Amino acid sequence: MQKSSVRKSLVVLASVVVVGGSAGVAAAQPSAATAPDGARFSAACRGVTWVVGTHETERALSLIGSDINTDSYQGDTSCQESLPLLCLKKQDLPVPPGINPDFYHGWTGGTAKLTPPIQGWALTSRAEGDRICRSNFGAGYVMGEHHQGNGGWQWWAYSDGLQVWATHPYESPTAMSQSPHYTWSVLNSTWGATSMAFGPDYASAKKARGKHPALCIKKAPGNRTPFEARLSSWVAEPFVNNVCSTEFGDEWILADDTMLDAQKRLTLPTQGARMWSSVDDQPSNPWNYIK
């Protein structure tokens with residue numbers, strides 16, 4: 001890894017804050033914590049986190065990696081936080097047309113997925129991270145790592161990216177999803193920006209299941225004009241309707257189709273979701289903080 005490159009101006013999702021805490025800011029912690037397997041961590045325990053920077057919905061391709069809040073050398077997020085774990089299965093797939101890999105935007109040749117959120121304490125070793133990935137997605141999946149694109153900082157993979165719950169503002173379900181709820185995706189953002197773009201991912205909407213964060217929108221006073229977004233905790237569809245107001249207050253509502261612009265996007269200052277990743281050659285992983 002090249003230290004001089006840590007602030008390269010890459011196309012990434014830069015304005016996100018972890019659910020339950022701020023990106024790059026340690027939450028208040030006890031003097032030590034014990035992981036499920038009995039390993040004890042120092043109070044300073046941190047892990048390195050990444051974001052989805054660009055997502056192509058039509059081809060299910062995502063550029064995933066570091067952003068301005070990532071600290072690849074000491075970790076940037078408290079182990080108390082619960083975040084999805086980035087997992088990758090290398091499959092020697094050819095580089096997709098239009099993708100031009102380089103050192104900072106590598107091609108993994110594989111498929112990336114996100115687990116449901118886990119606390120950093122659960123990552124007691126790389127082997128344990130790999131085991132969590134396999135238990136969620138099957139053989140061949142391992143924990144995401146800085147160098148898996150044959151370079152560093154960011155890499156491309158086939159992926160559904162980060163999906164979030166939104167809704168149709170209609171009384172009856174539509175044929176598209178057979179449900180009043182369906183998923184949008186994080187589409188893109190720019191290094192150092194304060195906003196991210198969301199939009200419908202119609203392919204994944206038809207098969208949306210399981211748990212996702214809800215895209216919660218804060219209304220401007222007196223109307224429904226959206227001006228801020230947050231991602232909720234991860235919930236299954238039956239619990240989507242009330243999660244925004246329950247977690248953030250009565251002025252927060254679930255995103256819906258009427259908020260999209262002409263390009264079918266909603267771009268807002270956002271507090272959103274990061275994910276646990278890792279760096280093999282730096283002490284930035286939770287297991288580096290085991291006493």
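Predicted model: local features only at pLDDT ≥ 70, side-chain atom pairs only at ≥ 80, totals over all residues.
Two strands pair if DSSP finds at least two bridges between them. Strands here are DSSP runs of E with at least two residues, and helices are runs of H or I with at least four, both numbered from the N terminus.

Residues are numbered from 1 along each chain as its sequence is written, and side-chain values use heavy atoms, with hydrogens and water left out.

I will begin with strand 12. Buried means under 20% relative accessible area, exposed means over 50%, and partly exposed is in between, using a 1.4 Å probe and protein chains only.

Which strands are joined to strand 12? Strand 5, residues 61-65, runs antiparallel to strand 12 and is joined to it by 5 bridges. Within that pairing, leucine 61 has tyrosine 158 as its bridge partner. Strand 9, residues 106-114, runs parallel to strand 12, with 3 bridges. There, glycine 106 is partnered with tryptophan 155.

Next, threonine 108, which sits in strand 9. Is threonine 108 buried or exposed? Its relative accessible area is 6%, so threonine 108 is buried. Its side chain has two polar contacts to show you, meaning pairs of N or O atoms within 3.5 Å; within protein, one must be able to donate a hydrogen and the other to accept it, and residues adjacent in sequence count only if both atoms are side-chain atoms. One goes to the backbone nitrogen of glycine 110, at 3.2 Å. The other goes to the backbone oxygen of tryptophan 156, at 2.9 Å.

Now the nonpolar core. That term means a set of buried Ala, Val, Leu, Ile, Met, Phe, Trp, Tyr and Cys residues joined through side-chain atoms within 4.5 Å. The largest one has 29 residues, and those touching the most other members include Trp155 and Ile217. Apart from that core lies another, of 11 residues, including Leu83 and Trp287.

What does isoleucine 217 contact? Contact means heavy atoms within 4.5 Å. Setting aside neighbours within four places in sequence, the partners of isoleucine 217 include Pro226, Ala229, Trp252 and Leu266.

Last, methionine 196, in strand 15, residues 195-200. Methionine 196 counts as buried because its relative accessibility is 1%.
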